[in-house]
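Here is a tutorial dialogue on how to read a structure.

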Amino acid sequence: MSLFNLDMEKVKKANKESQSPLDFLKNLLIARWRSLLLLLIGVYLPLQVFEILTVKIWQNQAGFPWDVPILLAVHSTENPQLDILAVTLAIIGLPWMAIPILGAIALILLLQKRWRSLAYSLTASLGSIIINRTAKELMHRVRPQLWQSIAPESSFAFPSAHAMTSVTLVAILLFLTWASSWRWLVLIFGSLYVIAIAWCRIYLGVHFPSDILAGWMVTLGWTIGVSLIIKPYITKVKSLDGDGCANVFDERPEDEITLLPEERKLITEE
């Protein structure tokens with residue numbers, strides 16, 4: 001019996017067993033527990049943390065008791081070599097520096113006709129920019145002024161655009177490579193990149209740690225939330241290149257260029 005038939009048998013069995021609301025609820029939760037867990041951990045909790053940070057800073061621009069001590073502790077390690085590293089990372093982490101990378105990703109997805117993945121990448125990126133600009137204008141939080149920064153900034157601080165850009169970029173790459181062995185490299189080096197960008201902003205004295213944390217949280221909630229709606233395709237890789245590495249752009253399913261049944265239904269109803 002094929003895998004499809006086995007799955008259908010399981011569905012029919014589950015439907016037969018759902019003779020009461022309690023049985024139906026149990027089967028529904030069993031079937032959807034992964035999505036619900038992802039919704040809780042990946043969307044609700046980050047946005048809840050962001051909301052707490054926002055309310056606290058709205059009430060008190062000085063922020064949290066741990067903001068200044070962390071800034072001073074990181075600044076105490078100042079030396080010429082770290083100055084160069086921090087300024088370099090700040091330049092690399094500029095939001096507009098991510099445009100060539102995102103543009104290359106978009107071009108590859110377009111040429112490979114991975115339109116759903118392309119829609120996810122564009123939506124996640126543009127949404128991150130809009131959220132950052134809107135939050136900065138609403139909060140009007142000034143930058144730390146504990147010492148004269150070697151790379152001063154004049155815009156508002158909350159949330160950190162550098163932090164949001166780094167997480168957005170890594171999240172997009174992680175979703176697009178999740179079904180391949182490349183995901184581990186993206187996860188490891190992406191995490192180091194996100195932390196390095198956060199460190200340089202604190203080291204340079206242009207962001208409070210709470211600016212960084214808020215940027216991380218709202219971006220996690222946004223990128224994961226968008227993925228649950230657009231459902232970017234996770235490639236099932238079969239072929240290997242000459243170096244034995246999986247090519248994440250090998251396959252393109254029909255779902256990448258067509259709407260899902262529920263999406264067609266929503267359009268028809270409207």
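**Reading the salt bridges and the fold**

A: Glu137 is partly exposed, with a relative accessible area of 44%. Buried means under 20% relative accessible area, exposed over 50%, and partly exposed in between (1.4 Å probe, protein chains only). This is a predicted model, in which local features need pLDDT of at least 70, side-chain atom pairs count only at pLDDT 80 or more, and totals for chains, interfaces and linings use all residues. Residues are numbered from 1 along each chain as its sequence is written, and side-chain values use heavy atoms, with hydrogens and water left out.

Q: With which residue does Glu137 form a salt bridge?

A: Side chains of opposite charge can pair when their charged atoms come close. The rule for a salt bridge is a side-chain nitrogen of Lys or Arg within 4 Å of a carboxyl oxygen of Asp or Glu. Here the partner of Glu137 is Arg133, and their closest N and O atoms are 3.8 Å apart. The two residues sit in helix α6, four residues apart, which is about one turn of the helix. Arg133 is also partly exposed, at 40% relative accessible area.

Q: How many salt bridges does the rule give?

A: The count is four. One of them joins Arg141 and Asp67, at 3.4 Å from N to O. This pair links distant parts of the chain, 74 residues apart: Arg141 is in the loop between α6 (115-139) and α7 (161-177), and Asp67 is in helix α3 (residues 67-75).

Q: Are Arg141 and Asp67 buried or exposed?

A: Both are buried. Asp67 and Arg141 also belong to a network of salt bridges that includes Asp211.

Q: Which residue does Glu153 meet in a salt bridge?

A: Glu153 meets Arg201, with 3.0 Å from N to O. Glu153 lies in the loop between α6 and α7 and Arg201 in helix α8 (residues 182-203), so the pair ties together parts that are 48 residues apart in sequence. Glu153 is partly exposed, at 33%, whereas Arg201 is buried, with a relative accessible area of 1%.

Q: How many helices and strands are there in the chain?

A: Helices (H or I, at least four residues) and strands (E, at least two) are DSSP runs, numbered from the N terminus. The chain has 10 helices and zero strands.

Q: What share of the residues of the chain counts as buried?

A: Of its 270 residues, 37% are buried. As for contacts (heavy atoms within 4.5 Å), among those between residues at least 6 apart in sequence, 77% join residues at least 24 apart.
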